Amino acid sequence: MESFGEYLKRLREERGKGLDEISQSTKIAITNLEFLEKDRYELLPPRVFVKGFIRSYVEELGLNPEESLRLFDRFTKVGEVPNYEGEEHPVFPREEPSLSFISRPVFTIILTSAGAICLVILLLTAVVRLFTSGEPAKNSQPEVTT
């Protein structure tokens, strides 16, 4: 009896399509398609994504995805394809939300406002210097004639 990955590979080869062709049309990384065909579910993202990959893969071959998804559920035991709901995924680590002031939107607004104010001051200084640079300088000491 063939595995689910062998089943997908057989379907693809019967249609005369390559993995790179399916990868380009479905926008699924070729490594994920290879993992599917080799039954390496531990290296794939969570089950919901794997089912989406299978759906797109089979639709690209012009077949009914529902039948293939039923076969996938029959071939894989519960727990064989990682769910990663309560644990950290080895490839996509979950980031804890930061509570620091810097990561809050208020900080971004304050920083942007400060930058805008500095830009306005810089432009005003340039305009003032532009219009006052043509005038002769006035000495603070009066001229003495002898």
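Predicted model: local features only at pLDDT ≥ 70, side-chain atom pairs only at ≥ 80, totals over all residues.
Student: Which side chain does arginine 15 meet in a salt bridge?
Tutor: That would be glutamate 14, with N and O 3.6 Å apart.

Student: And which residues does the network of shared partners join?
Tutor: Salt bridges with shared partners link Arg10, Glu14 and Arg15 into one network. In the pair of arginine 10 and glutamate 14, the closest N and O atoms are 3.1 Å apart.

Student: Where do arginine 10 and glutamate 14 lie?
Tutor: Both are in helix H1, which covers residues 4-14. They are four residues apart, and that is about one turn of the helix. Arginine 10 counts as partly exposed, at 33% relative accessibility.

Student: Why do such side chains pair up at all?
Tutor: As a general point, side chains of opposite charge can pair when their charged atoms come close.

Student: How many salt bridges does the structure hold?
Tutor: Eight. Another one of them is between the side chains of arginine 12 and glutamate 37, at 2.7 Å from N to O.

Student: What does that pair tie together?
Tutor: Arginine 12 sits in helix H1, while glutamate 37 belongs to helix H3 (residues 30-37), so the pair connects parts that are 25 residues apart in sequence.

Student: Is arginine 12 buried or exposed?
Tutor: Arginine 12 is buried, because its relative accessible area is 9% and buried means under 20%. Glutamate 37 is also at 9% relative accessibility and counts as buried.

Student: What share of the residues is buried?
Tutor: Of the chain's 146 residues, 25% count as buried. The chain exposes about 11,100 Å², and carbon and sulfur atoms supply 59% of that area.

Student: Which residues touch the most other members of the largest nonpolar core?
Tutor: Phe4, Leu8, Leu36, Ile54 and Tyr57 do, out of 20 residues in that core. At least two core residues come from each of H1, helix H2 (19-26), H3, helix H4 (47-60) and helix H5 (65-75).

Student: Which helix gives the largest share?
Tutor: H4 does, with five residues of the core.

Student: Why would nonpolar side chains gather like that?
Tutor: In soluble globular proteins, nonpolar side chains tend to be buried together.

Student: Back to leucine 8, then. What is leucine 8 in contact with, leaving aside its neighbours within four places in sequence?
Tutor: Leucine 8 is in contact with Leu36, Glu37, Tyr57 and Val58.

Student: How do the axes of H3 and H4 cross?
Tutor: They cross at roughly 95° and come within 11 Å. H3 and H4 are therefore roughly perpendicular to each other.

Student: Which residues meet there?
Tutor: From H3, Asn32, Leu33, Leu36 and Glu37; from H4, Val50, Phe53, Ile54 and Tyr57.

Student: How much of the contact in the chain is between residues 24 or more positions apart?
Tutor: Such residues account for 60% of the contacts with a separation of 6 or more.

Student: New topic: loops. Where does glycine 62 lie?
Tutor: Glycine 62 is in the loop between H4 and H5. It counts as exposed, at 63% relative accessibility. Its C-alpha atom is 9.0 Å from that of arginine 15, though the two residues are 47 apart along the chain.

Student: What about lysine 27: what is its phi?
Tutor: Lysine 27 has a positive phi of about 65°, although it is not a glycine. You'll find lysine 27 in the loop between H2 and H3, and at 72% relative accessibility it counts as exposed.

Student: And what is phi for aspartate 39?
Tutor: Near 55°, which is again a positive value in a residue other than glycine. Aspartate 39 is in the loop between H3 and H4, and counts as partly exposed at 23% relative accessibility.

Methods:
Residues numbered from 1 in each chain as written. Heavy atoms only, no water. Salt bridge = Lys/Arg side-chain N within 4 Å of Asp/Glu carboxyl O. Buried < 20%, exposed > 50% of the residue type's maximum accessible area, 1.4 Å probe, protein only. Core = buried A, V, L, I, M, F, W, Y, C linked by side-chain atoms within 4.5 Å. Contact = heavy atoms within 4.5 Å. Areas by Shrake-Rupley, 256 points an atom, 1.4 Å probe, with all protein chains shown as cover. Axes fitted to C-alpha atoms, helices over the stretch in contact; angles between N-to-C directions. Parallel < 35°, antiparallel > 145°, perpendicular 65-115°, else oblique.
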